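Thank you for sending this entry for comment. My notes are set out as numbered points, and they keep to what can be computed from the coordinates.

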Amino acid sequence: MLKSTVAPPSIRLLALDIDGTLLNSQFTISDIDLSALRRAYTTGIEIALVTGRRHDFALPIAQQLGFDLWLISSNGAITRSLAGETFYRDLLPAQVCRELCQAMLEFRGNTVLTFDKPGKGSIVLENMNELENSIRRWLEKNLQYIDFVVPVEDALVTDPVQAMFCGPISRMHEALAALENCHLAEEITVLRTEYPLRDLSIVDVLNKGCSKGHALERWAAFRGIPREQVMAIGDNYNDIEMLAFAGYPVIMGNASEELRGRGWTVTRSNDQNGVAAALEPVLARAGVER
């Protein structure tokens, strides 16, 4: 059941996170959640997937939904349709990224760069030695996109989408501290995602002012939808800006502790059809039958 004292407003746009939200712990979309999303779409609610995944890695998930939508990927850096039409790109300047790599030499083995290009070379790292244990599944699924470049800065012939630091949570807390004290702190956005059960943390470094929240605000303005009619559902630290922008923010039952203390509506977990539960009052208001 939803835990909230806030009545659901009339929703025109749903911003939906993927990992830990739309996907359950088996990395699949439940039939109940899928049915609820399709019913929402038939009422005229626009749905946007807003994810830390790269566009190409998020695309197969979006295609499973069976209706047209837009993808806000790489934590807000790219906004693109399923058909490949680009609305906005917010790239990290190559020179800033080059300086970042030098400033974070201690974490060279945890460094991954991503680029907005098809195929091999859209993900660049020096080696897998320090990454393999913590993100083996992700590496295996993305192997066709990975290129190895030593030093990794040599790949910066164009602006990247972002830099990422990946590894165990304790190690990434050290990276976060280093980034906070870095001379580039005013020129970048640092976002984190944590999965305690997998002891995995991903620290994303994006262009200044780039986040899921900024991208959602830009898209809502373009669509002429006021924030009061925007619903957002998320579970992790990188969803905070998106949830803060939305007029009707909902967090998953499996959400990070930091999100739970903000007074936002709490739905069931991603293994208990939390997305469908969050949509129930919205669909009831719209008079949609199960």
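1. The model is predicted, and its chain holds nine helices and 14 strands. The radius of gyration is 19 Å, close to the 19 Å that the globule rule gives for 290 residues, so the chain is as compact as a globular protein of that length. Along the principal axes, the C-alpha trace spans about 60 × 35 × 35 Å.

2. Of the 290 residues in the chain, 57% are buried. The chain exposes about 12,500 Å², and carbon and sulfur atoms supply 48% of that area. When contacts between residues at least 6 apart in sequence are considered, 61% of them join residues at least 24 apart.

3. With a threshold of 30 Å³ or more, the count comes to one cavity, and the volume of the largest cavity is about 460 Å³. Its lining is made up of 26 residues, and those that lie nearest the centre are Asp19, Arg53, Trp138, Tyr195 and Ile202.

4. Which elements give two or more residues to the lining of the largest cavity? They are helix H4 (132-141) together with the strands S9 (162-167), S10 (188-195) and S11 (200-207). Helix H4 gives the most, with four residues.

5. Sorted by class, the lining of the largest cavity has 11 charged, nine nonpolar and six polar residues, a breakdown to keep in view when reading the 26 lining residues as a set.

Definitions and conventions:
Residues are numbered from 1 along each chain as its sequence is written. This is a predicted model: local features need pLDDT of at least 70, side-chain atom pairs count only at pLDDT 80 or more; totals for chains, interfaces and linings use all residues. Side-chain values use heavy atoms; hydrogens and water are left out. On a 1 Å grid over the protein atoms alone, a cavity is a set of points where a 1.4 Å probe fits but cannot get out, and a pocket is an open set with protein on both sides within 12 Å along at least five of seven lines; lining residues have an atom within 4 Å of a point. Grid points are joined across faces, edges and corners, and a volume is the space filled by probe spheres set on the points. Ala, Val, Leu, Ile, Met, Phe, Trp, Tyr, Cys and Pro count as nonpolar, Asp, Glu, Lys and Arg as charged, and the others, Gly among them, as polar. The radius of gyration is taken over C-alpha atoms; the globule rule is 2.2 Å times the number of residues to the power 0.38. Buried means under 20% relative accessible area, exposed over 50%, partly exposed in between (1.4 Å probe, protein chains only). Contact means heavy atoms within 4.5 Å. Accessible areas come from the Shrake-Rupley method with a 1.4 Å probe; for residues, only the protein chains shown count as cover.
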